[in-house]
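Open the model in your viewer and keep the selection tool ready. This tour goes from one stop to the next.

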Amino acid sequence: MEKIRLEEMTWVEAKKALEKARVIIIPLGAIEAHGPHLPLGTDNFIVERIAEEVAKKIGGIVLPVIKYGQVWSLINFPGSLTVSEDSLFRFLVDICLSLHKHGAKNFAFISFHIGNATVIKKTARYLKDNYDLNVFYFVSSGLSKIREFCDSKQWHKNYFHAEEIETSLMLYIKPDLVDMAKAKACYPDKKIFEFYPQKWDELTDIGVVGDPTVATREKGEKMFEVIIDEVVELLRKGLEFIEKKEAKHG
């Protein structure tokens, strides 16, 4: 079986793989509080598995997960780490340009941490304008579909954190790091959240918005498959668009 993880390749293998790969997949996560029942690296564990499965199905290479992200909202919870968007932007640009030097032109950022969304899009536009690189970006993909598996009420239409979805996914991906005995529901009053930059320790004293107590491994497996299917479908569509355009212009 061919290697898909860049870090496991020799430079000789990497040379051949970079020439052959349709896309370079860069998973991004974060180190941040996810309630008393989930580990700080929840976003990393989830996105790493997503990226690997997508790479297998799409003919890509997956880079090591970028474990540090923009964590403004939950930074007041112990253990949470944040990097500035400027630092993350420069870091992503440097990684892509390093691989572009050896022939890579198509990239895909995949993040299961919504705090990375703004910088991912900014990076994609910058690399397109300045280096003509194709960068796709997927943040918390499949959310509307995977909510069909939920039994709990969602706290917000766009935000989810340490509740039924993430807990179910972790029960499927890393069950040994989930302590369901400590899972607690939390539905804080949104107050001014919709129109004011509010730190999440002002909303929840446990770092949870929603209900993780009804999460199950079975739901997590179904959610994971839906996420993979959506990202693969969209990425395949994007790559085919690029490949047809390049073939047309010779």
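Select Trp 155, Tyr 159, Phe 193 and Trp 200: ring pairs link them into a cluster. Rings of Phe, Tyr and Trp (its six-membered ring) pair if their centres lie within 6.5 Å; planes under 30 degrees apart count as stacked, over 60 as edge-to-face and the rest as tilted.

Before moving on, note that this is a predicted model, where local features need pLDDT of at least 70 and side-chain atom pairs count only at pLDDT 80 or more, while totals for chains, interfaces and linings use all residues. Residues are numbered from 1 along each chain as its sequence is written, and side-chain values use heavy atoms, with hydrogens and water left out.

The structure holds nine aromatic pairs. Select Phe 89 and Tyr 126, an edge-to-face pair with 5.2 Å centre to centre and 80° between the planes. Phe 89 is in helix α3 (residues 85-100) and Tyr 126 in helix α4 (residues 117-131), 37 residues apart. Helices (H or I, at least four residues) and strands (E, at least two) are DSSP runs, numbered from the N terminus.

Lys 122 lies over the face of Phe 89, at 4.6 Å from the ring centre. A charge sits over a ring if NZ of Lys or CZ of Arg is within 6 Å of the ring centre and within 35 degrees of the ring normal.

## Helix α6

Now select Tyr 172 and Phe 224. This pair is tilted, with 5.5 Å centre to centre and 50° between the planes. Tyr 172 lies in helix α6 and Phe 224 in helix α7 (residues 217-248), so the pair ties together parts 52 residues apart in sequence.

Go to Ile 173, also found in helix α6 (residues 164-173). Buried or exposed? Ile 173 counts as buried, at 11% relative accessibility. Buried means under 20% relative accessible area, exposed over 50%, partly exposed in between (1.4 Å probe, protein chains only). Not counting residues up to four places away in sequence, Ile 173 touches Phe 45, Ile 46, Arg 49 and Phe 224; contact means heavy atoms within 4.5 Å.

Select Ser 73, Ile 114, Gly 115, Tyr 159 and Trp 200. Of the 28 residues that line the largest pocket, these are the closest to its centre. A pocket is an open set of points on a 1 Å grid where a 1.4 Å probe fits, with protein on both sides within 12 Å along at least five of seven lines; lining residues have an atom within 4 Å of a point.
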